[in-house]
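Please walk me through this model in my viewer. I would like to know what to select at each stop and what I will find there.

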Protein chains: 2
Amino acid sequence: MTTQTDATPPTEPTAPSDRSSSVSTTRGRRPGATPAELGIGMRFSIHPHTDAFVDVILGALADVEEAGLAHGLVLETDEVSTYVGAQEAPAEQRLADYLTAVLAAASRRSGGGHVVAHALFSRGCPGELACDLSVTGLPDPAPVELEATGIAAAAQWSLYPLLDGGDPDDHMTHIEEAIAAAHRRGTGASPNHYATKLTGDVSEVVATAVDAWSQVGAHVPHVVTHLTISVGSPSQAEG
Amino acid sequence: MTTQTDATPPTEPTAPSDRSSSVSTTRGRRPGATPAELGIGMRFSIHPHTDAFVDVILGALADVEEAGLAHGLVLETDEVSTYVGAQEAPAEQRLADYLTAVLAAASRRSGGGHVVAHALFSRGCPGELACDLSVTGLPDPAPVELEATGIAAAAQWSLYPLLDGGDPDDHMTHIEEAIAAAHRRGTGASPNHYATKLTGDVSEVVATAVDAWSQVGAHVPHVVTHLTISVGSPSQAEG
């Protein structure tokens, strides 16, 4: 498998999908598969470190629903995490808005206490175990735009370009570009074992990870990123 | 890059490392790089959903230290997570013992309350941003052996064979084998979007993920797995 570049527009039809989905209005240069066909979505869990965690979580989810931020998304909650699938473009913007708003609402509802969110963003494998690896017409979405939350975060971030053709140089190039972008944005604090540490407003941290993930996804069909975001930590306050 | 198989023993020297490390006693068939040279380790965070989270976390870490389970490991805690690097074989056994014991101790100290652990296990990139991708002499460690904790867990598990030669068939083969092994063990509950759901004793869930990660690591130089383990969840009790 070779990576797509601007010089090689897709020549195959978009991958079939058994999911219903709206017509894509992806803002990218290469219209192709819809967000649902590309499997653009996330799983997230939220961890308020308080006895009132059930009320905080349910309240935060209700706040975000009421704000209309679940529009264009499919949500399925199990006992470990919540799946959020983007059904309509702009997929990345919807996911980033949703995660940022849920964490900010949980932080507010816990009175600024310690809350951690863990999110896995994925694109390129819409199904469950098996996935169609022949998707072409990769989108090249615009960077997300998020309002500042006023909440300072520290995060741990890992980016995995999967199925990038097996060239180690390509592999590291994508990761190095993403980390350089984080530095330009001001969130790229420091490399760390197995992950990069990000700091900044919750919105900046989320945007850093989502933009890197979607931009690698313009060249690599299957890309996953994991982001652990911590707010209100006692050790954060000390540091 | 081609994947290593038993038929093609390594012909290059092990990768250099600037870290001190003991002589490897890896139980694998192919002695080669030490755990530290291979970068075998994890980052983990633990989330007790209680007002007493600081005492629960510090107490659990102290319990595990007192039990001697930090031996052969290097620990570095920052404001988001703790890095645990294996310096001595059996690396996978030490990491699995440590994570299982910390989560069990946190569960006990929170009176069986809701505690979530998130762990990222990595091998093949010992450094920070850059990593030496020419490591050869991949170990093929024995499965880990963990005592049952008596604590039921539900988990979300993702396995990423990175740098597997870029062959999509290889890529999925490794993942399918790992999921089949989880089913044989009895923890492989169900596929889910972007992750596999595991259920069982904390020790069984940890062993499923660690064994899959180390066994793919016998063929693919760089392998990462993410595991989110939930115990004492109200929704778990309902389900």
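Start by selecting helix 3 of chain A, a mostly covered helix with 16 of its 19 residues buried; buried means under 20% relative accessible area, exposed over 50%, and partly exposed in between, with a 1.4 Å probe and protein chains only. Helices (H or I, at least four residues) and strands (E, at least two) are DSSP runs, numbered from the N terminus. The model is predicted, so local features need pLDDT of at least 70 and side-chain atom pairs count only at pLDDT 80 or more, while totals for chains, interfaces and linings use all residues. Residues are numbered from 1 along each chain as its sequence is written, chains are lettered from A and ligands numbered from 1 in the order in which they are written, and side-chain values use heavy atoms, leaving out hydrogens and water.

Helix 3 covers residues 91–109 and reaches 27 Å from its first C-alpha to its last, close to the 27 Å expected (1.5 Å times one less than its number of residues). Just after this helix, click Gly111(A), which takes a positive phi of about 65°.

Next, select strand 3 of chain A, residues 82–86, where five of five residues are buried. Thr82(A), Val84(A) and Ala86(A) point one way, and Tyr83(A) and Gly85(A) the other way.

Two strands pair if DSSP finds at least two bridges between them.

- Strand 1 (residues 41–48) of chain A pairs with strand 3 in the antiparallel sense over four bridges, and Gly41(A) stands opposite Gly85(A).
- Strand 2 (residues 73–77) of chain A runs antiparallel to strand 3, joined by five bridges; Leu75(A) has Val84(A) as its bridge partner.
- Strands 2 and 3 of chain A form a hairpin with four residues between them.

For the last stop, show the side chains of Arg185(A), Glu204(A) and Asp211(A), which are linked in a network of salt bridges. A salt bridge is a side-chain nitrogen of Lys or Arg within 4 Å of a carboxyl oxygen of Asp or Glu. Glu204(A) and Arg185(A) meet at 3.8 Å, N to O. Glu204(A) lies in helix 5 (residues 202–216) of chain A and Arg185(A) in helix 4 (residues 168–185) of chain A, so this pair ties together parts 19 residues apart in sequence. Asp211(A) also bridges to Arg185(A), with the closest N and O atoms 2.6 Å apart. Asp211(A) lies in helix 5 too, so that pair ties together parts 26 residues apart in sequence. Colour by accessibility to finish: Asp211(A) is buried at 5%, whereas Arg185(A) is partly exposed at 31%.
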